[in-house]
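Welcome, and thanks for opening the viewer. Let's take a short walk through this model, one selection at a time.

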Amino acid sequence: MSTLAAAESTTAVNATAGELRLQVCAIIDETADARSLVFDVPEALRARFAYKPGQFLGFRVDVGGQCLTRCYSMSSSPWTDARPKVTIKRVAGGRVSNWMNQCVQVGDWLKVLPPAGHFCIDQHQAADTTRPLVLFGGGSGITPVFSLLKAVLHAGQRPVLLVYANRDEASVIFRDELRQLAKAHPEQLHVVHLLDTLQGFVDAPQVRQLVRLWRGADYFICGPGPFMDTVESTLLALGEARERIHVERFVSPPDPCSSGTAQPAIEAQGAVCELLLVELDGVTHQIVPRPGETLLHSCRAAGLDVPFSCEEGFCGACMCTVQEGQARLTRNDVLSSAELEAGWTLACQGHPQGARVRVKFPA
Ligand SMILES: Cc1cc2nc3c(=O)[nH]c(=O)nc-3n(C[C@H](O)[C@H](O)[C@H](O)COP(=O)(O)OP(=O)(O)OC[C@H]3O[C@@H](n4cnc5c(N)ncnc54)[C@H](O)[C@@H]3O)c2cc1C
Ligand code: FES
């Protein structure tokens with residue numbers, strides 16, 4: 001057990017801080033620079049750690065005297081894997097990804113935030129054969145995509161195309177498992193590997209060619225920024241519906257102490273919100289928010305079980321739409337300008353502006 005983790009409590013819930021901890025029960029070296037961590041979930045935390053394919057876990061780790069929050073998608077599927085597993089690829093100069101790859105050992109306890117995220121599917125969507133599913137994964141972006149893939153293959157006969165881009169052959173994570181899945185589902189699953197060393201970076205003509213027989217699909221894209229931008233913009237240019245294109249952005253938040261992201265005090269910025277209406281699971285709740293509170297704080301203070309994870313504006317777990325009035329964001333590292341235009345906001349960073357504000361959380 002590493003020294004740092006050994007100093008942690010060996011219980012799953014730290015009673016004083018209400019923090020959740022999970023114990024690493026297995027480590028799998030996937031490639032030279034990526035490893036998977038498998039977690040034991042004690043009976044008492046099973047419900048808290050129930051997840052949908054494609055969701056992620058948040059981790060709070062102490063590295064170099066700083067408490068850093070990072071999200072890692074589950075590469076496991078809840079319907080095929082007994083335990084949750086995350087797969088972490090080293091980022092050059094990256095603090096947490098290298099710490100996770102170097103220092104974590106079997107038996108360590110890590111501080112973990114419950115599963116979150118909207119880059120996911122449910123049982124009904126997984127088995128829906130009315131349209132195919134097209135998955136684009138680049139590098140470590142394969143993790144949530146792999147979870148989705150296993151779930152769909154398990155759920156039914158929905159046709160799936162997986163386009164998986166990597167630097168070179170040695171960096172292909174889950175290569176053997178993918179081969180086995182393709183062999184086991186020859187009619188249903190079509191896998192295309194792209195290697196930068198052979199084909200160069202993915203470009204628009206390649207994307208058009210790849211999806212030509214799969215038009216009208218639901219698309220899930222995760223990978224490096226330029227890869228996702230190319231795929232997404234090409235699909236949109238082809239006329240694919242925006243609401244059927246799902247994107248997961250792998251970003252780190254700014255450092256807790258970084259001054260560049262400091263925001264002005266919100267209390268001074270606009271009219272005090274007198275009534276906050278929150279639509280959650282088809283029910284509208286009325287809340288009188290306290291001045292300066294975020295939407296998330298108001299919801300939680302009112303006892304609403306709204307989704308969230310990082311609370312720092314970079315994971316997107318708390319996304320909701322503003323239906324009436326406005327919400328001012330203090331920080332946003334995840335929503336695109338198109339999403340902002342479409343009314344999306346982040347509950348953890350959004351402050352209601354105007355006497356009456358209504359927000360809606362997606363089902
Ligand atoms: C929803 C979600 C899911 C994710 N899922 C996965 C996953 O499944 N697998 C995975 O591998 N990753 C995943 N990520 C990405 C992951 O959370 C981290 O962003 C990634 O591991 C890098 O974190 P890090 O601490 O190692 O890097 P950081 O320390 O944050 O560094 C990132 C980059 O910034 C540079 N840098 C660091 N400090 C400084 C500084 N002070 N000044 C200037 N530059 C600096 C580093 O050199 C590096 O290039 C996910 C992210 C999100 C939001
Ligand atoms: S909880 Fe992560 S962006 Fe709001």
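Which side-chain atom of T143 lies 2.7 Å from an oxygen atom of ligand 1, a polar or a nonpolar one? Select T143 and ligand 1 together: the T143 atom at that distance of 2.7 Å is a polar one. Keep in mind as you look that this is a predicted model.

Next, hide the protein for a moment. Taken alone, ligand 1 exposes 980 Å²; bring the protein back and 73% of that is buried.

One of its polar side-chain atoms is 2.7 Å from an oxygen atom of ligand 1. Then click on S73, where a polar backbone atom lies 3.1 Å from a ligand 1 oxygen.

Time to show the whole shell. Ligand 1 is surrounded by 23 residues, and the closest include C71, Y72 and S252.

Strand 5 gives the most, with four residues.

Finally, zoom out and color by domain. Domain 1 (3-116) and domain 2 (123-248) each supply at least three residues to the shell.

Key: Residues are numbered from 1 along each chain as its sequence is written. Chains are lettered from A and ligands numbered from 1 in the order in which they are written. This is a predicted model: local features need pLDDT of at least 70, side-chain atom pairs count only at pLDDT 80 or more; totals for chains, interfaces and linings use all residues. Side-chain values use heavy atoms; hydrogens and water are left out. A residue is near a molecule or strand if one of its heavy atoms lies within 4 Å of it. A polar contact is a pair of N or O atoms within 3.5 Å; within protein, one must be able to donate a hydrogen and the other to accept it, and residues adjacent in sequence count only if both atoms are side-chain atoms. Accessible areas come from the Shrake-Rupley method with a 1.4 Å probe; for residues, only the protein chains shown count as cover. Helices (H or I, at least four residues) and strands (E, at least two) are DSSP runs, numbered from the N terminus. Domain bounds come from an automatic or database domain assignment.
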